[in-house]
Amino acid sequence: MKTLVWVEHDNSNMADATLAAVTAASKLGEVHLLVAGSGCRAVAEQAAAVAGVGKVHLADDAAYAHALAENVAPLVVNLMGHHDAFVCPATTTGKNVAPRVAALLDVMQISDILSVEGEKTFTRPIYAGNAIATVESTDAKLVVTVRGTAFDKAEATGGSAAIEDVASTGDAGKSSFVGAEIAKSERPELTSAKIIVSGGRALKDSETFESVIMPLADKLGAGVGASRAAVDAGYVPNDYQVGQTGKIVAPEVYIAIGISGAIQHLAGMKDSKTIIAINKDEDAPIFQVADIGLVADLYKVVPELTEKL
Amino acid sequence: MKALVPVKRVIDYNVKPRVKADGSGVDLSNVKMSMNPFDEIAVEEAIRLKEAGKVEEIIAVSVGPAKAQETLRTALAMGADSAILIETDAEVEPLAVAKILKAVAAEVEPGIVILGKQAIDDDSNQTGQMLAALMDLPQGTFASKVEIDGDSVNVTREVDGGLETVKLTLPAIVTTDLRLNEPRYASLPNIMKAKKKPLDMKSPADYGVDIAPRLKTTNVSEPPVRQAGVKVADVDELVAKLKAMGVA
Ligand SMILES: Cc1cc2nc3c(=O)[nH]c(=O)nc-3n(C[C@@H](O)[C@H](O)[C@H](O)COP(=O)(O)OP(=O)(O)OC[C@H]3O[C@@H](n4cnc5c(N)ncnc54)[C@H](O)[C@@H]3O)c2cc1C
Ligand SMILES: Cc1cc2nc3c(=O)[nH]c(=O)nc-3n(C[C@H](O)[C@H](O)[C@H](O)COP(=O)(O)OP(=O)(O)OC[C@H]3O[C@@H](n4cnc5c(N)ncnc54)[C@H](O)[C@@H]3O)c2cc1C
């Protein structure tokens, strides 16, 4: 089987999520990568260096600069003439583009796979991860998105694939990019952080979140996450949200502070290696999944913890 | 212009789903069912567009069992004008739902279709994007802001790194994210009024759509359960554990 993997990037750097998708694709067959962007040859070079990659298709055109689904889907559909499976990281870009491609190919997509069980058989979470379904496709071609935390990352070096230019399918004329507010942070990115400190509704406001959570995160070199309640209340921006409808994370250590542990939150972090919970309510559901729990007032113990580390 | 709002009847988000012992699926007997939370947000957004004079008429549509009429009545009580149920007891996959919605849209001719970004049962996150592909229309997924301006719409999207705004020509497909709005509760008088609003009953065959599934679900199982661990008495003990793990 020949697979085509979507490379996630910002036109200069390939994102790590790509490497997990490469691992998933390599379980299906030969791995080709697609770099669609504008002025993105550097990304294609990084992609060509990934271990185990057979070929890199480079589509460099202004129409692809922001990965607008209307413009990139026809490009992918063309390439799928010579590939059997389209494999996307389950990033917001992948989730936006893959179903559009699937419908154009008249294929039912398999979302957020956790494992490859056979040529056309996969497991995937349903009901916020409260159940795991094994699904088999009967379609001629496959379209899958890959949960990044479920697969090891392929080696970023060691490969030397050829880069082949692909003709642009142009601008569909239906959509245009207006602007973006992308948060710049010195902290590790949530989906690749080894340690995450997460805060919930108990943090009161953005100043309190900043003064209680951030110093601990800085001390540990950790990424910072939040519950939906904390995001909705405006303590932190939306890209901090961990959960069923936010980011799925699986760090070595996840520290949940003032988070009750609603199933929607657990859906995003319960595969973390070690979970530590600090909550003043000893019956909070978060303690049912925590490896280490501390029942205490966070305002007392978090500053103390930061100091003693 | 008209707004078409597809709504799905799903397990209530407060219910913890139980997997059936025989691995055939999730046990939905005697379980509270509600409108998919993202679809409530979609209905609310359509109503706000109507209140702002951008939309004249709101049509809610659902594909599902007879009981999904309740879900549509909820949409009508919130403020939708009419509803269509495409009745089927089969499990309809997103691709087939999108094909049915395309056929509905061909009759309704909406200027905007607002869907949820994902249904909280199957978590597929596909239907809106597929509908956009089949109708050859632009898509504004994971929306946290929708601004209609003449013959185009600006959609602010929740993306991994933050927010992104795209401009789409109308008609367009929008899928809602959590922070787009806070859905209203239907008032009692509006619930009464909703009983008199038109609700059309159709079947997938009326639209000539083949809903045969493309995916076979061969097994549904419980995820590995995590065992609760230990409680520590104080910060010193926590620090000691962290040090033992090599974290600090
Ligand atoms: C245990 C289990 C077993 C299953 N087995 C099968 C099977 O054997 N065969 C099969 O075909 N399917 C099966 N399904 C899938 C089917 O039940 C799902 O409803 C279908 O895949 C839709 O996915 P989704 O709702 O997550 O779509 P999403 O793409 O996440 O939905 C996004 C949005 O699309 C709209 N939408 C989606 N569905 C509808 C609808 N019905 N009516 C109106 N609007 C809608 C809503 O606005 C919704 O917010 C199974 C699901 C489960 C949980
Ligand atoms: C469709 C849908 C999707 C959702 N998706 C997500 C998602 O992706 N991610 C997500 O997180 N949520 C999601 N939610 C929301 C989820 O249901 C919960 O509402 C949310 O996770 C609660 O956040 P919280 O734990 O911060 O707040 P609360 O549940 O209010 O918990 C606050 C906790 O802080 C503790 N506390 C208070 N004061 C102190 C103190 N001084 N010291 C120590 N502890 C203290 C309390 O004991 C309590 O346990 C979703 C909901 C819906 C309906």
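**Two ligand sites**

Biologist: How far is an oxygen atom of ligand 1 from the side chain of B:Asp122?
Modeller: An N or O atom in that side chain sits 2.9 Å from the ligand oxygen. This is a predicted model, where local features need pLDDT of at least 70, side-chain atom pairs count only at pLDDT 80 or more, and totals for chains, interfaces and linings use all residues. Side-chain values use heavy atoms, leaving out hydrogens and water, residues are numbered from 1 along each chain as its sequence is written, and chains are lettered from A and ligands numbered from 1 in the order written.

Biologist: Thanks! And how far is B:Asp39 from a ligand 1 oxygen?
Modeller: For B:Asp39, a side-chain N or O atom is 2.5 Å away from an oxygen of ligand 1.

Biologist: Where does ligand 1 lie, by chain?
Modeller: Between chains A and B. The residues around ligand 1 number 30, with B:Lys8 and B:Thr127 among the closest (a residue counts if one of its heavy atoms lies within 4 Å).

Biologist: Switching to ligand 2: why is its site shared?
Modeller: Because residues from chains A and B surround ligand 2.

Biologist: Which ligand 2 atom is 2.8 Å from A:Val242?
Modeller: A nitrogen, facing a polar backbone atom of A:Val242. A nitrogen of ligand 2 is also 2.8 Å from a polar backbone atom of A:Leu298. Alone, ligand 2 exposes 990 Å², and the protein buries 85% of that.

Conventions. A polar contact is a pair of N or O atoms within 3.5 Å; within protein, one must be able to donate a hydrogen and the other to accept it, and residues adjacent in sequence count only if both atoms are side-chain atoms. Accessible areas come from the Shrake-Rupley method with a 1.4 Å probe; for residues, only the protein chains shown count as cover.
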